[in-house]
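My entries follow in the order I made them.

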Amino acid sequence: MWVKLCCLLLYFLALFVLARVFEAVAWYESGFLATQLVDPVALSFRKLRTILECRGLGHSGLPEKKDVRELVEKSGDLMEGELYSALKEEEASESVSSTNFSGEMHFYELVEDTKDGIWLVQVIANDRSPLVGKVHWEKMVKKVSRFGIRTGTFNCSSDPRYCRRRGWLKSTLIMSVPQTSTSKGKVMLKEYSGRKIEVEHIFKWITAHAASRIKTIYNSEHLKEEWNKSDQYHVKIYLFANLDQPPAFFSALSVKFTGRVEFIFVNVENWDNKSYMAEIGVYKTPSYILRTPEGIYRYGNNTGEFISLRAMDSFLRSLQPEVNDLFVLSLVLVNLMAWMDLFITQGATIKRFVVLISTLGTYNSLLIISWLPVLGFLQLPYLDSFYEYSLKLFRYSNTTTLASWVRADWMFYSSHPALFLSTYLGHGLLIDYFEKKRRRNNNADEVNANNLEWLSSLWDWYTSYLFHPIASFQHFPFDSDWDEDPDLFLERLAFPDLWLHPLIPTDYIKNLPMWRFKCLGVHSDEEMLETFQDSESDSDSENKEVFSSEKEVSEDDDLNTFHSRSEGEPRCSTETCSCANKYCHPEPYERKARSYGSYSTAGDMEPDWSAWPSDMLHCTECVVCLENFANGCLLMGLPCGHVFHQNCIVMWLAGGRHCCPVCRWASYKKKQPYTHPQPLSSDAPS
């Protein structure tokens with residue numbers, strides 16, 4: 001997780017640097033920056049009209065370029081970035097979708113139950129033509145969609161009873177606007193009563209109703225009273241301008257941020273005394289002033305702070321976010337981080353997508369689960385102070401220059417999704433390249449595995465745990481309350497060849513008990529080596545080989561893995577065994593016996609049973625290789641109690657036969673240990 005988080009932070013840093021590079025290239029080619037002011041006098045009539053449409057100011061009665069230019073200047077300063085965005089938005093002739101309501105419940109759910117938006121609905125009465133024609137309606141939809149106003153069509157033929165109850169007996173236009181200034185308040189429906197069915201007149205009717213929700217100040221005394229008043233709103237934004245009504249984007253934002261930010265329009269058209277404006281720090285008009293408990297902030301002085309709906313919306317969201325805004329942000333970040341697993345994971349392509357789906361499901365589930373207690377805590381009354389301090393931190397951090405750069409980059413990349421996706425893909429491919437280079441030296445098989453091999457290993461793993469679950473293995477000695485493992489009884493009921501053979505890990509082998517076979521009365525290795533030094537040369541070289549190998553085995557006793565312990569082990573044979581010349585044939589399935597087989601000794605030599613673990617059966621022969629145990633041989637016991645050469649039983653188990661060669665007890669399952677009486681050396685085996 002931390003690796004993916006670091007990769008995501010590196011990606012964001014690369015995006016930030018790339019945006020600065022684009023700014024430098026644009027400045028080098030055109031000689032201006034996005035924050036540079038534009039003189040409206042140098043613009044054409046078409047560009048000025050485009051700016052007014054993006055800001056939401058009517059210009060139908062202004063045929064002269066001079067009047068249009070003055071209206072642009074009265075609404076706010078124009079930057080190169082805003083001009084570029086407006087022209088690109090006009091060129092992009094994308095069709096905006098409009099909702100078709102199916103009935104009363106659909107209309108109520110989307111329109112009347114929506115408390116933070118504006119709806120424009122065209123109602124078509126039974127057997128009547130629509131009030132606005134298809135061509136004009138498409139223009140209307142495209143015009144109002146710039147300001148977040150949603151549109152729809154309600155055909156009374158789908159629900160005539162609801163139209164009669166509402167009084168919609170003729171085709172008309174319905175506008176829904178929140179009635180109160182509180183969040184999630186009531187919604188009022190207004191019907192268009194104008195005679196002119198033109199786009200500009202309808203738009204002027206919409207903006208007039210939206211602007212009526214904004215508090216308007218007409219004199220300095222009212223401004224002084226409002227400026228010094230303290231109420232529930234901690235964040236207020238003032239527009240000081242010489243306009244008849246605020247721009248449409250300003251009115252639309254007042255609806256969107258209902259209950260969070262208060263929008264105030266100060267009309268300075270007929271003011272003679274502007275001294276109080278100078279006292280509060282407003283020296284020019286138009287000005288957008290943000291007033292917070294921390295101080296005054298002048299909107300439009302930093303990067304990306306344009307006079308447009310999108311720019312001011314991102315600015316206010318960063319200052320006064322909702323819980324839903326934070327949840328959506330965390331959801332985007334978590335999914336971007338989860339998609340990094342597609343490039344970090346190495347191996348087959350199917351493996352990458354399987355890991356990706358698993359990571360997406362895990363991360364999104366954890367995100368939703370972690371948000372549930374947060375939402376519960378925010379409802380507690382004694383956490384109001386914590387909430388206020390969090391908002392204060394947001395306001396402090398998001399009014400900095402760095403925050404304005406981040407907002408500008410967010411608007412740039414969100415308006416160019418192809419660039420965002422291509423940079424993300426390029427960053428992921430770089431991560432994949434370096435990760436593959438790093439892992440190639442460690443595990444080349446994992447990197448070069450194809451889809452078929454990985455699916456085969458996945459199926460083996462799945463069937464292993466589906467048909468033959470592995471019990472946890474404990475170190476010897478262990479205590480068990482079971483006389484017989486019930487799993488064994490269930491296995492014996494089933495026909496074994498009909499089951500898939502499971503792929504069982506061999507990690508349990510290193511936990512099996514090991515010890516050396518010793519005989520009583522046999523000298524140590526050093527004494528025997530000195531005795532054989534004066535013997536014949538052939539015998540001398542042979543014995544030196546044997547004992548040097550035995551020393552290598554004794555040096556490997558402290559290693560953890562069974563592979564290291566088996567290196568250098570002498571090959572046990574009947575020729576080197578000095579204590580066991582005969583062996584017995586154990587009964588394969590007789591588990592309750594104290595020992596399997598008997599033993600006999602040559603001369604006065606007999607095995608030293610005190611060196612054996614207490615739960616191991618006494619024997620003198622390995623039934624895998626059918627050879628007697630030699631003095632100093634390395635032995636290994638299974639949970640059932642049977643003993644074998646360590647080398648022989650490891651090769652047996654590693655070959656996939658995870659059971660005892662004698663009794664077929666599973667080699668990874670524990671069993672009740674046995675207790676052995678001390679054998680009498682004089683007793684002869686029967």
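Helices (H or I, at least four residues) and strands (E, at least two) are DSSP runs here, numbered from the N terminus. I am working on a predicted model, where local features need pLDDT of at least 70, side-chain atom pairs count only at pLDDT 80 or more, and totals for chains, interfaces and linings use all residues. Residues are numbered from 1 along each chain as its sequence is written, and side-chain values use heavy atoms, with hydrogens and water left out.

**Entry 1**

I began with phi. Arg-664 has a positive value near 65° and is not a glycine. I found Arg-664 in the segment after helix H25 (646-654). I then checked accessibility, where buried means under 20% relative accessible area, exposed over 50%, and partly exposed in between (1.4 Å probe, protein chains only). Arg-664 has 39% relative accessibility, so I logged it as partly exposed.

Leu-626 also came up, with a positive phi of about 60° although it is not a glycine. Leu-626 sits in the loop between strand E14 (621-622) and strand E15 (627-628). Its relative accessible area is 57%, so Leu-626 is exposed.

Next I looked at omega. The peptide bond from Thr-285 to Pro-286 is cis, with omega near 0°. I placed Pro-286 in the loop between helix H11 (275-279) and strand E9 (287-292).

**Entry 2: cysteines**

How many disulfides does the structure hold? I found one, taking a disulfide as a pair of cysteine sulfur atoms within 2.5 Å. It joins Cys-156 to Cys-163, with 2.1 Å from S to S. The angle about the S-S bond is -95°, and the link of Cys-156 and Cys-163 is left-handed. Cys-156 is buried because its relative accessibility is 1%. Cys-163 is buried too, with a relative accessible area of 2%.

Cys-622 is buried, at 0% relative accessibility.

Cys-640 has a relative accessible area of 1% and is buried.

**Entry 3: cavities**

Points are joined across faces, edges and corners, and a volume is the space filled by probe spheres set on the points. The structure holds two cavities of 30 Å³ or more. The largest cavity has about 50 Å³ of space.

I listed the lining of the largest cavity: Ile-118, Phe-147, Ile-149, Phe-203, Ile-206, Thr-207, Ala-210, Ala-248, Ser-251 and Ala-252. Two elements give two or more residues to this lining, helix H8 (199-211) and helix H10 (248-256). H8 gives the largest share, four residues.

I sorted the lining by type, with Ala, Val, Leu, Ile, Met, Phe, Trp, Tyr, Cys and Pro as nonpolar, Asp, Glu, Lys and Arg as charged, and the others, Gly among them, as polar. I got eight nonpolar, two polar and no charged residues.

Where does the largest cavity lie? Domain 2 (96-212) and domain 3 (216-312) both give residues to its lining, so it lies between them. The domain bounds come from an automatic or database domain assignment.

**Entry 4: helices and a contact**

Is helix H12 (residues 309-319) mostly covered or mostly open? H12 is mostly covered, with nine of its 11 residues buried. Among them are Leu-309, Met-312, Phe-315, Leu-316 and Leu-319. Asp-313 in H12 is buried as well.

Met-105 lies in helix H5 (residues 104-112). At 60% relative accessibility, Met-105 is exposed. Its C-alpha is 9.9 Å from that of Tyr-162, which is 57 residues away along the chain.

**Entry 5: annotated stretches**

An unreviewed UniProt entry gives "transmembrane region" for residues 326-344, 353-378 and 410-431. In the model, residues 326-344 are 95% helix and 0% strand, with end C-alpha atoms 27 Å apart. Residues 353-378 are 100% helix and 0% strand, with end C-alpha atoms 37 Å apart.

The unreviewed UniProt entry also places "signal peptide" at residues 1-19. I found residues 1-19 to be 95% helix and 0% strand, with 27 Å between the end C-alpha atoms.

Terms used
On a 1 Å grid over the protein atoms alone, a cavity is a set of points where a 1.4 Å probe fits but cannot get out, and a pocket is an open set with protein on both sides within 12 Å along at least five of seven lines; lining residues have an atom within 4 Å of a point. UniProt positions are given in the numbering used here, feature names are shortened, and annotations may be inferred rather than shown by experiment.
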